[in-house]
Structure formats: C-alpha cells, structure tokens
Amino acid sequence: MEESIPPLSPGGTSSETPRLNRLARWQQAPAVRRTLAFRRRYRRWEPMLFFFGGVTWDGATLRRIDAWVDSALLLTYILVLGGLIVVALFADQDRLSHPKLLRYREWYPAAIQFLMGALFSAYFIFYFQSTSFQTESVVYLILLFALLIGNEFLRERLINPYFLFALYFLASATFFTFFLPVLTKTMGYGMFWVSSLASLGLLTGMLYVLWRHQVLPDVRAYPGIAGIVLGLFALLHLFYIQNWIPPVPMAIRDSGIYRGMQRDKDTFAFKYARPAWYAFWQDYDRTFSYSPGDTVYCFSAVFAPTAFDTKVAHIWYRFEEADQQWAPRDTIPFRVLGGRDDGFRGYTMKRFVEPGAWRVDVKTEHMRTLGRIHFDIVETGVPVTDVIWKIVD
C-alpha cells in the first residue's frame, strides 16, 4: 500500500497544489518508497529499537551532570522536542502547508519518541547517581524508570495533546531541576520553584502558538491541558517537600563506617574489621564490635558540580527501642568544595557510643538526604585486631 498524499485542509486553495505535487513526487522516489516499505514491515520493532537507541546514545555520550557539553545537548533535546510537538500537532490537524515539513510528517511520532527516550534515560542515569536506595528519593527514580519504559510502548498516544504536554512538562522540569543549580551554583526550594516555573513558561509558549493558530479543534482542550500541567506542577512540589526527589546535582560517591583513620595530605586510610569470606564486597563495619576507648568514624565522598561551595552534615541517629523510633544524637557539618570526580572527602567521628542500631544520614545544608548508612554497634570488650585498611585517594 502506497503512502497517500495528505489531503488539502478545509481552507486550502489552488496555490497549495504545486507544493503537494512536489510532495507526491518525493514520496514516489525509489529510495523513499523502499524506506517506507521497510519501516512498515518492521514497525512492531520500533519501540524496542528506539528504547535501546536512546539508552545506548546516552551511555556513550554523557559524562557528568555538570559537563557543559552534556547540558547543551540535553537543552537542545528539550527545545527541539518542544518544536516537534507543536509541528506534530499542526500536522495531525492537517494544518501544515510547507512541503519540507509535510515530507516527514510520518516520522514525527518516532522522533518525539526517540527524544523522550533519550531524555528520560539521561535523567535516569543522573538521578540514579544522586539516589540513596535507603531513602525516600527512590520514589522519583522509580517514576523516571516508569516513564523511560512506558514511553517506548505508548506510540499510539504520542499525538494525544494531553499526553504530549504532560510528558513534556515532566521532561523539561526534570532537566531544569538540575541544570539551573549547576548554572547558578545554588540549591534549595527557591531554585526548585525557578526550575518548575521555567518549564511552565516553555509549555505556556507552546500552548499560545497552538491557540493563536486555532490548531486544536476543541477549544476546551486548552484549559484541559493547562489543568493537567498545573496538577503535575503541584505534584512535583509535593514530591520535593516529601524529600522524594533526589538532591541533584549533588551525589554520594562513597560512604562507610570505620574504626580508625589516618591521613597523608590528600590520601585517606580507613580501618575496618575483616569481613567474613563470603562478604567480599563489604568495605566498612556494618557491625561495629565496640570496646571501651574505640572511636566510630563516618566517611563520605560527596560529588558537587565545579565551583560549588556548600555544607553537608552527618546526622547520627540511634534507634530507641522504648520509643520505637530513630532519635538524633549529633549533627556534625563539614564543608564541600565541588568539581572532584570522586567527590569531596569528609568524615565525622563519635566516642562513648551505646550498643544498638545506628544510622548516619548525609544531608545537604537544605536538609536534602544524599545518603544513609545503617550499622549496628555490639559491645565486646575485646579490641578488634584482624583489620583491613581502605585507601581513598
């Protein structure tokens, strides 16, 4: 079955005929016909192809969250995707007249799907680095993963304006959430407001273009789309307040509990008890055998973008059996200077601890949780002698 020529719009005139004739000739070109036939034959494999294509491209090109090349590439994706969405909706309502745009109307959904997949896979990579699986921020990572997978199998809905604008708002807001802090070297709820408002501004401009040219046939669609986007706007702020969004662009690179520490200039050495032979991956004291005079050290390496100068705190908690809740024992801050790939190294320590279940939360100065370390303290009264030293350069 040959690809048909798009019909004239209701307001079309005879002046459009030469353009449509050129489009028809282009569609009849042998190379174009073979390409379209090949695509129809293997169309069912397109979602998987675009899924792995987007993920592979991101894995090969992305370096780090504050790299200007990566940020420029993702910003280009955002802007091109916004333009494609507008053009695709024009095409869906037969409002396109330019022959070059008409030539590729069949490819707009695939292009939108590819860009959405590339964006959400990049976000998954970046947010994965900032997520602690022992904290609430894993909720947003699960959402990003669902959007990444779902995008690849929702091709039939990709020209639905409600669905398109909802996805685009989430894609652009997620980008600005880490891009603007990298750009301004500032984090906090105020910057999150600016990030979500920037995304809202982009969508407002796109909606205005569609409304100005009366592209959507039902005028009730415009307030309907606005309502969905504002609902998502409020939902993202709820996620932020609940600490469900990872504290991008900062991230934990390494952390652990140790029983000794030495430092030689920029090299740290941390001591921990030798684990059982089957726990070969364990590189800190998950169970701290305590004897009088021991000191418990908490180490963490925190990544922050270049030129970031901020504070991080180790908040020590002990689980109180009587109250069945975590009780804070100490809050010890230290300074973080950004730019180091392996993170800025810092440590805190405690003496005269009690046996029981403990944890240390690593938090930003705005109380966003970067990581959480659980461990148990067991009083033995006998010094631990079988130890390993971990070197951190």
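Strands β1 and β5 run antiparallel, joined by seven bridges. β5 covers residues 295-303. Within this pair, Ile257 has Cys298 of β5 as its bridge partner. The model is a predicted one, and these pairings are read from its coordinates.

The pair belongs to an open sheet of three strands, ordered β1-β5-β8. Its pairing is antiparallel. β1 (251-258) and β8 (344-351) are the edge strands, and each pairs on one side only. From one strand to the next, the twist averages 15°.

The loop between α10 (221-241) and β1 holds Pro249. The peptide bond from Val248 to Pro249 is cis, and its omega is near 5°. Asp94 is not a glycine, yet its phi is positive, near 55°. Why do such spots deserve a look? Because most residues other than glycine have a negative phi, and most peptide bonds are trans.

Now the other sheet. Five strands form an open sheet in the order β4-β10-β9-β6-β7. The pairing here is mixed. β4 (287-290) and β7 (325-337) stand at the edges with a single partner strand each, so one side of each is left without a neighbour in the sheet. Ignoring direction, neighbouring strands of this sheet are turned against each other by 25° on average.

Take the β6 end of that order next. Strand β6 spans residues 309-320. β6 pairs with β7 in the antiparallel sense, over twelve bridges. Glu320 stands opposite Gln325 in β7. Four residues lie between the strands of this hairpin. Gln324 takes a positive phi in the hairpin, near 55°.

Gly356 has Ile377 in β10 as its bridge partner.

What forms the nonpolar patch on the surface? Tyr189, Trp193, Leu197 and Ile241 form this patch. Together they have about 390 Å² of accessible area. Helix α9 (residues 189-212) gives the largest share of the patch, three residues. Tyr189 is found in that helix, α9.

How far can the coordinates be trusted? The chain averages a pLDDT of 86. A score of at least 70 is reached by 86% of the residues. Residues 1-15 are another matter: pLDDT stays under 50 over this stretch. The model still has 22 contacts for residues 1-15 beyond four places in sequence. Where pLDDT is low, the predicted coordinates should not be read in detail.

Conventions:
Residues numbered from 1 in each chain as written. Predicted model: local features only at pLDDT ≥ 70, side-chain atom pairs only at ≥ 80, totals over all residues. Heavy atoms only, no water. Pairing = 2+ DSSP bridges. Helix = DSSP H or I, 4+ residues; strand = E, 2+ residues; numbered from the N terminus. Axes fitted to C-alpha atoms, helices over the stretch in contact; angles between N-to-C directions. pLDDT = per-residue confidence, 0-100. Contact = heavy atoms within 4.5 Å. Patch = residues over 30% accessible without salt bridge, like charges linked within 9 Å, V, L, I, M, F, W, Y side chains within 5 Å. Areas by Shrake-Rupley, 256 points an atom, 1.4 Å probe, with all protein chains shown as cover. Salt bridge = Lys/Arg side-chain N within 4 Å of Asp/Glu carboxyl O.
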